Amino acid sequence: MPNFKHHITSGILLFPVYYLVFSIVFTLLFDHYPLFNNNELIFSFLLFVIGTDLPDVDHDLSIINKIFRILIVIFSVYYLFEYEYLLRHITNIDDFLIYNIIIIYLGIILGYAFGIVFNSLTRHRGAWHKIHTGIIIGIILFLLNTKFKIEIRIFYSLSLISGFYVHLLLDKYIKIK
């Protein structure tokens, strides 16, 4: 089976092929060439490469799992700050610094707990190694990117999905000892 190095290297080497195919198909469908700036292209590249290792997020010892769990903690802290007004009504803490430190630690604890639950609910080569999972993740990414033009939303979503499928194809057809 290919490992992290094989998956990531494949993503790096295959992204230009993906970009070429996307551009050709887009031009044929919409009768104009898709124009992306450097930041959009680099972010798409990042999504594609992340996608090439994303199915291994269900493996407790994988690098992508460790990154995912760190992101869960960061997003937990972020969302607690986004909805801190709800917590502020529950608590009677007036000191801004103390209150922020409590939110940060609460986010860390929640994020860590979500990571443990995620790892306990998933098994390697389970649901994360299914074709429909890639589609679901791509749709979620498309729906979350509401600030971008439709072409960019499609480009980003298909970048992640395509990288995801590169991983599945490598696992299925490449045998490395």
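Helices here are DSSP runs of at least four residues, numbered from the N terminus, and L170 sits in the one called α7. Welcome to a quick tour of this predicted model. Its chain has a mean pLDDT of 89, with 94% of the residues at 70 or more.

**Confidence by element**
- Among the elements of the chain, α2 has the highest mean pLDDT, at 96.
- The lowest mean pLDDT belongs to helix α4 (residues 84–90), at 67.

**The largest pocket**
- The largest pocket holds about 1200 Å³ of space.
- Its lining is made up of 29 residues, and those closest to the centre are F68, L71, F75, L141 and L144.
- Two or more lining residues come from each of α2 (38–51), α3 (63–82), α5 (96–121), α6 (131–144) and α7 (150–173).
- Helix α3 is the biggest contributor to this lining, giving 11 residues.

**N145, between α6 and α7**
- N145 is located in the loop that links α6 and α7.
- With a relative accessible area of 11%, N145 falls under the 20% cut-off and therefore counts as buried.
- The N145 side chain comes to 3.1 Å from the backbone oxygen of L141, and L141 is also one of the residues closest to the centre of the largest pocket.
- Once neighbours within four places in sequence are set aside, N145 has contacts with R153 and Y156.

**L170, in α7**
- L170 belongs to helix α7, one of the elements that give two or more residues to the lining of the largest pocket.
- The relative accessibility of L170 is 15%, which is under 20%, so this residue is classed as buried.
- Which residues does L170 touch, not counting those up to four places away in sequence? They are P2, H6, H7 and S10.
- L170 and N3 are 167 residues apart along the chain, yet their C-alpha atoms are separated by 9.7 Å.

**D31, between α1 and α2**
- You can find D31 in the loop between α1 (4–30) and α2.
- Although D31 is not a glycine, its phi is positive, at about 60 degrees.
- Is D31 buried or exposed? D31 is exposed, because its relative accessible area of 71% is over the 50% cut-off.

Notes: Residues are numbered from 1 along each chain as its sequence is written. This is a predicted model: local features need pLDDT of at least 70, side-chain atom pairs count only at pLDDT 80 or more; totals for chains, interfaces and linings use all residues. Side-chain values use heavy atoms; hydrogens and water are left out. On a 1 Å grid over the protein atoms alone, a cavity is a set of points where a 1.4 Å probe fits but cannot get out, and a pocket is an open set with protein on both sides within 12 Å along at least five of seven lines; lining residues have an atom within 4 Å of a point. Grid points are joined across faces, edges and corners, and a volume is the space filled by probe spheres set on the points. Buried means under 20% relative accessible area, exposed over 50%, partly exposed in between (1.4 Å probe, protein chains only). A polar contact is a pair of N or O atoms within 3.5 Å; within protein, one must be able to donate a hydrogen and the other to accept it, and residues adjacent in sequence count only if both atoms are side-chain atoms. Contact means heavy atoms within 4.5 Å. pLDDT is the predictor's confidence in each residue, from 0 to 100.
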